[in-house]
Amino acid sequence: MRFDKKEIETILNNAEQILINQPALASMNLKDVIDTLDSTKEMIRDRWGVAALLVVKSIERWDLPDLVEQLSLVESGDLTCEYVGYLLQTRYGIDMEALLLEADKQNKFDSIVKYVEPNLMFLTKIKQQYISPFLQMLENHIDSNVYYSVVNNYAESIAACDAFLTTTNSLGELKGRVQYDLIFHLGRAWYCKDSTEANRTMECFMEHKSIWSKKAAINFLGNSLDSDKTTFELHFFKIEEMILQDDELWLQIIAVFVKYVMLYSEEADTDHFYGKVMEYLKRLPTDSTKAKCNFLATIRFEKEVPQDIQDVFQAIILNPFENNQCPLQILDHILYRQNKNNSFDNTMKHMLEIFRINGYCYRYTAFFNGLSMIVNELSKNSEKVFRAALKYMLTNDIPQVLFGLGWLMIIGVIYNKETNDLKFSNNQLIRILKASLYCSVDNLKICNIAFQLLDFLDGAPEKYIDFCRMMHIEVIRKRCLRFQNST
């Protein structure tokens, strides 16, 4: 998608010149045009503009039903469609909303949305008659992979045209997710443009009965915190009322409370409302998995968080998530970012707590796969991880043993100048090998580990070899015998 109108105009102007210089292109099909112009860097960029001009020149009937029919038959890349939509909008006065509404009537939404979606951000006027029908139409396409970009680009133009009030007046009380999503995208821009007007709208939403309006009000309160906390504190009693009204509203409020603490933690000692906000957040460790996940999602991309938020996070991971719904992907981001500030030991401690409390002992592969970012990061210090893995495996605590085994299966055995001081008895190595044999299905890796562990044996290897023989690990036994004969 091109975000710069000047760049698009340059591409289209270049394309017009190319068609003047190479008139034969006009008689070729679009695929051949694209292939023919696949030469210089500039041509690779401009060829899509040429294709778009040819598509527009081929249009014979300009009423919307026929236009949709003709555009749905075009076979070319997304950039061709993007530039065709731009040309239709800027040079032929075709309303993008009207075009997509007509396409939906003909069950051709998927064929036409690629012309409309990237160009919604270039609307120069928001026509009130399209707002409600357009959003109502999108209700049927919430699962489309372009849904969010359509809503976001439409919101961009509403903000650019300063049509905030036009939009909210047209919608009134919010009736569904699409309307809410649009207002959600408008919130930040509206507060930057006119916070007083945005606050008045927030208060209207707050008085509405629909849950979508109340959710919009909560989102606006969150946006208000970027400038100051006055609006938030003025309406705090309303927030508490909403918490009691509906669990879904509480789930939405969590992010606003976290933002309040993130922005104003330095005023904790003198701020009455700060203490009340923290009272709610401290309930999260024993709250529902959804509530915990909302909290975690809010801090997911934060590089640094106040100690109060850190304390809530640590309390959350000390409590199990419901029905094995541990949000590993979210936790992965948090642990990865916190690792930049935390010590290796703290990160491993947090991982072990999540592993133990959420019952990953016999699902350790799923656990480590779910935390791929932090696993890859810690694995860069493979010697340190190897030491920790063996230490865990030699404890009497089953979760620690299997947590260590998971790490050992990931990094294997590390023997170099950093680890050659490690020495273990026959019994200790047998114990490590037993855990590998009984709790892993990767036979090749187990064989390699069994042989390589000999480098850390303190004493004669006969007992270790006998164990391998007893377990019928023929490959391991032969390798161990070769090792014994060479010493």
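**A tour of helices, loops and salt bridges**

Hi everyone, let's begin at D162, which is partly exposed, with a relative accessible area of 43%. Those words come with cut-offs: buried means under 20% relative accessible area, exposed means over 50%, and partly exposed is what falls in between, using a 1.4 Å probe and protein chains only. What we are looking at is a predicted model, where local features need pLDDT of at least 70, side-chain atom pairs count only at pLDDT 80 or more, and totals for chains, interfaces and linings use all residues. Residues are numbered from 1 along each chain as its sequence is written, and side-chain values use heavy atoms, with hydrogens and water left out.

Back to D162. This residue sits in the loop between α9 (147–160) and α10 (164–171). Helices here are DSSP runs of H or I with at least four residues, strands are runs of E with at least two, and the numbering starts from the N terminus. What is the phi of D162? The value is near 55 degrees, which is positive in a residue other than glycine.

N107 also goes on the list of positive phi values: near 60 degrees, again in a residue other than glycine. You will find N107 in the loop between α6 (96–105) and α7 (109–116). With a relative accessible area of 73%, N107 counts as exposed.

N426 is part of helix α26, residues 426–439. Is N426 buried or exposed? Its relative accessibility is 11%, so N426 counts as buried. Where does its side chain go? The side chain of N426 reaches the backbone oxygen of A460, at 2.8 Å. For the rule behind that: a polar contact is a pair of N or O atoms within 3.5 Å; within protein, one must be able to donate a hydrogen and the other to accept it, and residues adjacent in sequence count only if both atoms are side-chain atoms. Setting aside residues up to four places away in sequence, N426 touches L457, A460, P461, K463 and Y464. Contact, by the way, means heavy atoms within 4.5 Å.

At 11% relative accessibility, Q310 is buried. Beyond its neighbours within four places in sequence, Q310 is in contact with V305 and Q338.

On to charges. Side chains of opposite charge can pair when their charged atoms come close. A salt bridge here is a side-chain nitrogen of Lys or Arg within 4 Å of a carboxyl oxygen of Asp or Glu. How many salt bridges does the rule give? The count comes to 20.

Let me pick out a few. R91 and E16 meet in a salt bridge, at 3.0 Å from N to O. R91 lies in helix α5 (residues 78–91) and E16 in helix α1 (residues 5–21), so the pair ties together parts that are 75 residues apart in sequence. R91 is partly exposed at 35%, and E16 is partly exposed at 33%.

R356 forms a salt bridge with D397, with the closest N and O atoms 3.0 Å apart. This pair links distant parts of the chain, 41 residues apart: R356 is in helix α21, and D397 is in the loop between α24 (382–393) and α25 (398–411). D397 is partly exposed, at 22% relative accessible area.

For a local example, K31 bridges to D35, the closest N and O atoms being 3.0 Å apart. These two are 4 residues apart in helix α2 (residues 30–36), which means about one helical turn separates them. K31 is exposed, at 58%.

And which residues form a network? K229, E233, E267 and D271 are linked by salt bridges in one.
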